[in-house]
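Please read it with the sequence and model in view.

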Amino acid sequence: MPALTVIEFNGKEHRIDAEVGKSAMQVVIDAMVPGIMADCGGACSCATCHCYVEAPWATRLPEPVPAEREMLECALDPQPNSRLSCQIRITPHTEGLVIRLPQSQV
Ligand code: FES
């Protein structure tokens with residue numbers, strides 16, 4: 001299973017063996033790492049699964065679709081490397097992916 005590292009806003013790191021096919025949001029929630037609310041359950045309609053993708057992954061992941069871009073405008077403190085974790089799919093190619101969680105989702 002590809003490794004996913006999640007870094008909470010306070011700096012606490014979690015290295016998780018992520019199941020291929022799940023979203024990064026689901027992996028974080030299943031691992032009970034706090035910091036993602038995922039109010040819409042992954043439907044790309046709430047932005048409460050906002051995360052920051054660390055380099056070099058920001059350019060390696062598939063580009064966000066227009067619906068994700070629009071929803072990111074609702075996220076708190078968006079940055080150029082902002083993504084919705086429900087739209088990041090775990091694949092064998094995401095081995096080593098690192099995401100940071102924001103201070104707050106709302
Ligand atoms: S869980 Fe709602 S947009 Fe990702």
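## Cysteines

Cys51 has 0% relative accessibility and therefore counts as buried (under 20% relative accessible area with a 1.4 Å probe and protein chains only). Cys86, with a relative accessible area of 5%, is buried as well. The model is a predicted one, in which local features need pLDDT of at least 70 and side-chain atom pairs count only at pLDDT 80 or more, while totals for chains, interfaces and linings use all residues. Residues are numbered from 1 along each chain as its sequence is written, and side-chain values use heavy atoms, with hydrogens and water left out.

The count of disulfides comes to zero, a disulfide being a pair of cysteine sulfur atoms within 2.5 Å. For Cys51, the closest cysteine sulfur is that of Cys49, and because the two lie 7.2 Å apart they are too far for a bond.

## Aromatic rings

Across the whole structure, zero aromatic pairs are found, where rings of Phe, Tyr and Trp (its six-membered ring) would pair with centres within 6.5 Å.

## Largest pocket

The largest pocket holds about 220 Å³ of space and is lined by 14 residues, with Pro64, Arg69, Pro80, Ser82 and Arg83 nearest its centre. Helix 3 (66–72) and strand 4 (82–84) are the elements that give two or more residues to this lining. By type, the lining residues comprise seven nonpolar, three polar and four charged.

A pocket here is an open set of points on a 1 Å grid where a 1.4 Å probe fits, with protein on both sides within 12 Å along at least five of seven lines, and its lining residues have an atom within 4 Å of a point. The volume is the space filled by probe spheres set on the points. Helices (H or I, at least four residues) and strands (E, at least two) are DSSP runs numbered from the N terminus. Ala, Val, Leu, Ile, Met, Phe, Trp, Tyr, Cys and Pro count as nonpolar, Asp, Glu, Lys and Arg as charged, and the others as polar.

Terms used
Phe/Tyr/Trp six-rings, centres within 6.5 Å; stacked < 30°, edge-to-face > 60°. Buried < 20%, exposed > 50% of the residue type's maximum accessible area, 1.4 Å probe, protein only.
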